[in-house]
Amino acid sequence: MQLPRLTPQQLEQFDRDGYLLFPSLFTPAEIAPLLDEVPRLYAQQRPENVLEKSGVVRTNFAAHLYSKPFATLARHPRMLTPVMQLYGEKLYMHQFKINGKMAFDGDVWQWHQDYGTWVNDDHMPEPRAMNVAIFLDEVNEFNGPLMFIPGSHKLGVLQAQHDLTTTSYPLWTINHDTISQLVARGGIVAPKGPPGSMIMFHSCLVHASTSNLSPWNRVAVYLSLCAVSNHIRRFKRPEYIAHRDFTPLECLPDDCLLKDYDVPLPWKDGTPAAALTSASSAWVA
Ligand code: SIN
Ligand code: MN
């Protein structure tokens with residue numbers, strides 16, 4: 001099958017705004033096995049489940065290593081191909097999470113850039129890792145859609161403070177004065193869409209989301225796909241948060257979410273002990 005390529009207009013839009021929205025890229029039949037799997041993953045007693053202060057799951061890490069539907073999604077050609085086109089090389093999974101943003105209880109994600117963390121904590125050389133969000137539920141104006149400041153990716157890494165208290169998950173966040181200035185220039189957008197929609201966004205794009213006071217979950221998968229040559233140089237964070245396996249992801253056929261294909265599930269019997277610890281002494285290259 002001929003894979004769709006990003007058009008010159010899409011490339012120009014990505015360069016200008018720092019993100020692209022692909023509404024309904026995956027069909028309801030393709031999303032169903034992923035959404036069905038989420039309660040089972042969230043119910044597991046695994047360190048990869050990070051809870052909100054309220055006790056519901058905020059995010060689940062690394063499901064592509066122990067859940068067949070998500071291991072399949074991680075190799076989907078509709079997601080990998082445009083990112084490979086942009087970087088001109090193969091990709092490995094730097095981070096994989098399923099964010100719940102559960103009805104009534106889903107908490108905020110403060111204003112931040114992802115690459116700030118990746119360069120400071122993980123020593124990733126360049127911002128050549130793409131964030132991809134795939135909606136498993138509808139995202140609407142009420143259930144805490146992701147907000148972007150278009151064009152903010154052009155400013156490189158902005159100064160950030162480590163916020164250890166606002167939510168259950170520590171985050172390097174950008175102060176309100178800076179956000180006010182950036183928004184005065186670029187405004188705020190919140191791309192929305194049905195389940196199966198996908199967003200690709202630059203790892204320097206400033207983003208956030210509000211809490212979810214609606215009765216609708218906003219489950220979305222966030223994949224961070226790094227160009228293989230740009231792999232992280234420091235293993236400070238646990239491996240289930242910042243991966244150390246730089247094996248290129250190979251695309252499965254386009255119907256992979258509808259048919260049965262073999263995928264590796266190396267952590268299906270549990271997380272290896274070495275993947276749970278910080279290993280600041282383990283340096284590479
Ligand atoms: C993120 O920035 O990694 C997640 C934001 C969200 O789920 O709204
Ligand atoms: Mn983020």
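Begin by selecting Gln85, which lies in helix α4 (residues 77-87); helices here are DSSP runs of H or I with at least four residues, strands are runs of E with at least two, and both are numbered from the N terminus. The model is predicted, so local features need pLDDT of at least 70 and side-chain atom pairs count only at pLDDT 80 or more, while totals for chains, interfaces and linings use all residues. Residues are numbered from 1 along each chain as its sequence is written, chains are lettered from A and ligands numbered from 1 in the order in which they are written, and side-chain values use heavy atoms, with hydrogens and water left out.

Keep Gln85 selected and show what it touches (heavy atoms within 4.5 Å): Arg5, Leu6 and Leu11, not counting residues up to four places away in sequence. A polar atom of the Gln85 side chain lies 2.7 Å from the backbone nitrogen of Leu6.

Asp114 in helix α5 (residues 114-122) and His207 in strand β11 (residues 207-209) are 93 residues apart, and both are buried (under 20% relative accessible area, with a 1.4 Å probe and protein chains only).

Finally, colour the open sheet of 3 strands, ordered β5-β11-β7 with antiparallel pairing, where pairing requires at least two DSSP bridges. Its edge strands are β5 (109-112) and β7 (146-148), and Leu146 stands opposite Ser209 in β11.

Notes. Buried < 20%, exposed > 50% of the residue type's maximum accessible area, 1.4 Å probe, protein only. Polar contact = N/O pair within 3.5 Å; in protein donor to acceptor, adjacent residues only side chain to side chain.
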